[in-house]
Amino acid sequence: MESCNCIEPQWPADELLMRYQYISDFFIALAYFSIPLELIYFVKKSAVFPYRWVLVQFGAFIVLCGATHLINLWTFTMHSRTVAIVMTAAKVLTAAVSCATALMLVHIIPDLLSVKTRELFLKNKAAELDREMGLIRTQEETGRHVRMLTHEIRSTLDRHTILKTTLVELGRTLGLEECALWMPTRSGVELQLSYTLHHQNPFGFTVPIQLPVINQVFSTNRAVKISPNSPVAKLRPSGKYMQGEVVAVRVPLLHLSNFQINDWPELSTKRYALMVLMLPSDSARQWHVHELELVEVVADQVAVALSHAAILEESMRARDLLMDQNVALDLARREAETAVRARNDFLAVMNHEMRTPMHAIVALSSLLQETELTPEQRLMVETILKSSNLLATLINDVLDLSRLEDGSLQLDIEPFDLHGLFKEVINLIKPIASVKKLFVTLSMSSDLPEYAIGDEKRLMQIMLNVVGNAVKFSREGGISISASVAKSDSLRDPRAPDFFPVLSDNHFYLRVQVKDTGSGISPQDIPKLFTKFAQSQSLAAKNSGGSGLGLAICKRFVNLMDGHIWLESEGLGKGCTAIFMVKLGLRGRSNEAKLQYVSRAPVNHVRTNFTGLKVIVMDDNGVSRMVTKGLLVHLGCDVATVSSGDECLKVVNNEHKVVFMDVSIPGIDIYAVAVRIHEKFARRRDRPLIVALTGNTDRVTKESCMRVGMDGVILKPVSVDKMRSVLSELLDHGVLLEAQ
């Protein structure tokens, strides 16, 4: 046998098994060779792929494995030694590459795992971001619906429209089958069906407010799912196969303790209304979270809108009430003004009508007093004159009080001689005090200004009233008067908490104290003396006379002068002290200022005879005209009397020196007559002096007379002495310096 370079198989092979192995190795080799081709295609198509060298190594491993299986095909038959050597080399290379690949995978797998972990993390983050975006979109949609609903709800401030609009918009936005609002009743123990989506007049249904389902909803501010069969949800028609889900939410109501709304209860504690929302029946739809949030937000918005509506309703009601009150106040004001005008007109008429007969009484009594009378007759005439003067004082007090109360009386603020005023008061009081054998003393502090600015006439009236009361109620002893500048520490009086004096460089407070040794006053009677028509019972019992108006008027005059007046007495029989303070202005003590006051001083020498002085008296009242004529004739005047303005203009000529005219003649503009008299005489020296006779004590009458060029004003009634003084001043100065 010929020798061959062949290796025989170590074991005998079964032909069928060998065939299957042969076929399997072929396909394994084919698969191994296809995998590197696919990897090469994948790497080429991938733009970014890590570990390419690993893939090359892995491809080499696969190729070697495939080559090993391919070479192994020749080992199933008789093969040469060369095949065995190639087979061995392929297996050695395959083993080397396999070990290297295995070692490399130990380092690569952790990196691959970390990449996979990051991939999973990114996937989770992407999923979470998708969910958040979904929530944001849901919230944006919910916000859009809320803004739309809020706009619709707040487009009106009528609460009925607000509630009805809320139900309609919620039903449209959420696709509701029914929506209802239950409001608390006046008693607060029940809820009443007030508004629904599909019923126009749902009133009449009530449920107890203590139901468990209602307490459950009221206990939280979240929307709560309730049973479709609960009493507040039984609003849909029966027969539905499956009722939709129902939620309820509370609607806070405004705390109404400060508001009274017509058909709402007055709630002293926090209460709620109940809103019930129902999804369509026979549907699988359920409430979503964003829908519940929408319902909760809308409930809060409705509460805010209802509070605004309630405040608006209350403000409108308050406005209407205020308008009604203003109308009533305006009506009352007009009625009060009408009453004041009627009172003033009445007082003016009564003043004129009362002074006319008083003028006759005083004038004729004074004429009678200058005739030869027996002592008894003279006493009677003097009594008549005193009574007439008392009545005139009472009339003046009533008129002053009337003007003080209605605010029409104003102070005449002018410079005056303060020291001279006190001396004049003493000169007027001393004759009366001497009759009762009373001494009167005056003490003025060294720092008291000689001149001041204020209402001299009213200050004189206060002084005469207070000092006159001291003389009136004193039977023995005397009256001491002290005047000084009030110091800052003595300005405040605890009895007058409302008196707040303020010192300045241009003003000072005059403090006057009048102390008497009279009958005194009971302490409990002191406050009453400053009220109208009030007198101390002890003084009234002594029948001292007076109307009870003097101190009341003094208090009002003092108040007008930013001052304060009060009385002090330790009791009956212990005398009394009257103290008052008034605010006066300061004036420089220049020589020019002194000359001004000297020119206003009263004349010391009064004429007693006016023989041949031609005078005209114009008065529509015959008695008053006759009385005035009698006074002038008694003084020696040549008197002509007229009853009208036209008659006066015809009679008056350049020989007449004085014209007395009553300014209260009905139907005659006395001021126009005065102007026409002025126009009648071209030269001033030919024009007669014009003097007004009036019963009005107000400043307006005096200013009106001065404005048309009259030379003086005389207040009725007029006595012989008063007429004599008037004529003397007219002839000496050509004008009356002050109203007489």
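Modeller: Start with a definition: a salt bridge puts a side-chain nitrogen of Lys or Arg within 4 Å of a carboxyl oxygen of Asp or Glu. Keep in mind that this is a predicted model.

Biologist: How many salt bridges does this rule give?

Modeller: The count is 18 salt bridges. Take Lys 716 and Asp 662. Their closest N and O atoms are 2.7 Å apart, and they form a salt bridge. Lys 716 sits in the loop between β20 and α17, while Asp 662 belongs to strand β18, so the pair ties together parts 54 residues apart in sequence.

Biologist: Are Lys 716 and Asp 662 buried or exposed?

Modeller: Both residues are buried.

Biologist: What separates Arg 333 and Glu 337 within helix α6?

Modeller: Four residues, about one turn of the helix. Arg 333 bridges Glu 337 with the closest N and O atoms 2.9 Å apart. Arg 333 is partly exposed at 41% relative accessible area. Glu 337 is also partly exposed, at 33%.

Biologist: Which residue forms a salt bridge with Lys 225?

Modeller: Glu 245 does, with the closest N and O atoms 3.6 Å apart. Lys 225 lies in strand β6 and Glu 245 in the loop between β6 and β7, so this pair links parts 20 residues apart in sequence. Relative accessible area is 46% for Lys 225, which is partly exposed. Glu 245 is partly exposed at 25%.

Biologist: Now the backbone. What should I check?

Modeller: Look for exceptions. Most residues other than glycine have a negative phi, and most peptide bonds are trans. In this structure, Lys 716 and Pro 717 are joined by a cis peptide bond, with omega about 0°. Pro 717 lies in the loop between β20 and α17.

Biologist: Where is Lys 437 placed?

Modeller: In the loop between α8 and β10. Lys 437 is not a glycine, yet its phi is positive, about 60°. Lys 437 is exposed, at 73% relative accessible area. Asp 562 also has a positive phi, of about 55°. Its loop runs between α11 and β14. At 45% relative accessible area, Asp 562 is partly exposed.

Biologist: And aromatic pairs?

Modeller: Read two values. A pair of aromatic rings is described by the distance of the centres and the angle of the planes. Searching the whole structure gives one aromatic pair. Phe 218 and Tyr 272 make up this tilted pair, 5.5 Å centre to centre with 40° between the planes.

Biologist: Why does the pair tie together parts that are 54 residues apart in sequence?

Modeller: Because Phe 218 lies in helix α5 and Tyr 272 in strand β8. Phe 218 is buried, at 13% relative accessibility. Tyr 272 is buried too, at 14%.

Key: Residues are numbered from 1 along each chain as its sequence is written. This is a predicted model: local features need pLDDT of at least 70, side-chain atom pairs count only at pLDDT 80 or more; totals for chains, interfaces and linings use all residues. Side-chain values use heavy atoms; hydrogens and water are left out. Rings of Phe, Tyr and Trp (its six-membered ring) pair if their centres lie within 6.5 Å; planes under 30 degrees apart count as stacked, over 60 as edge-to-face and the rest as tilted. Helices (H or I, at least four residues) and strands (E, at least two) are DSSP runs, numbered from the N terminus. Buried means under 20% relative accessible area, exposed over 50%, partly exposed in between (1.4 Å probe, protein chains only).
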